[in-house]
Each structure stands twice: as C-alpha cells, then as structure tokens.
Amino acid sequence: MLDATYRELSEDDLRFLTAMLEDEGASRVSDIAHRLGVSSGYAAQYKRRLLEQGVIGERGRGIVDFDIPFFREYLEGMEKSD
C-alpha cells in the first residue's frame, strides 16, 4: 500500500511531504511553505490535495501530520536511499 501511494503522488506532493519530515511530529503549513520557498497559498493547494487523498490530516488550524500509518518512516527510508 505504501508503494502504491508513493507512486500516485506528484513531484510537488512529495516535496511538500519531504518538507514535513524536518518536524518530529505535526507540521505548520507556514513552516512547510518557508522550507519550500513558496507562498502560503501555494502550499495550501498541496495541503488540500494531500488531505483529499488521505495522506495527511489536520491537527489544528494550519497544522498537519501524516495520516497513513508508517508513511513518514517510509518516506524517510526513501530519502536515505537517494
């Protein structure tokens, strides 16, 4: 399931998720936007896409975290293998 989810994500989806890896837990969308060097509005588009896909979930206003069990660890492993 994790491989299939990974393959369905766009390059920008993956950039957003990779930026989330810098946080121990939940991430602020404003921090993600800053890390990516994009506007908050641009980051919000990808937040919405990933919410709709069920990859991430909201944990408060402007705060998101991974919703798919072990997907954070999966992405961390993919980052190390590159």
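Start with the largest cavity, which holds about 30 Å³ of space. On a 1 Å grid over the protein atoms alone, a cavity is a set of points where a 1.4 Å probe fits but cannot get out; the volume is the space filled by probe spheres set on those points, which are joined across faces, edges and corners. This is a predicted model, in which local features need pLDDT of at least 70 and side-chain atom pairs count only at pLDDT 80 or more, while totals for chains, interfaces and linings use all residues. Residues are numbered from 1 along each chain as its sequence is written, and side-chain values use heavy atoms, with hydrogens and water left out.

Select D12, R15, F16, L36, Y42, A43 and Y46, which line the largest cavity (lining residues have an atom within 4 Å of a point). Helices α2 (11-20) and α4 (40-53) each supply at least two of the lining residues (helices are DSSP runs of H or I, at least four residues; strands are runs of E, at least two).

Next select F16 alone. Beyond its neighbours within four places in sequence, F16 is in contact (heavy atoms within 4.5 Å) with residues including I32, L50, I56 and V64.

Finally, colour the strands. Three of them form an open, antiparallel sheet in the order β1-β3-β2 (two strands pair if DSSP finds at least two bridges between them). β1 (27-28) and β2 (56-60) are at the edges with a single partner strand each, so one side of each has no neighbour in the sheet. Two bridges join β1 to β3 (63-66); S27 has V64 as its bridge partner in β3.

Methods. 1 Å grid on protein atoms, 1.4 Å probe; cavity = no way out; pocket = protein on both sides within 12 Å on 5 of 7 lines; lining within 4 Å.
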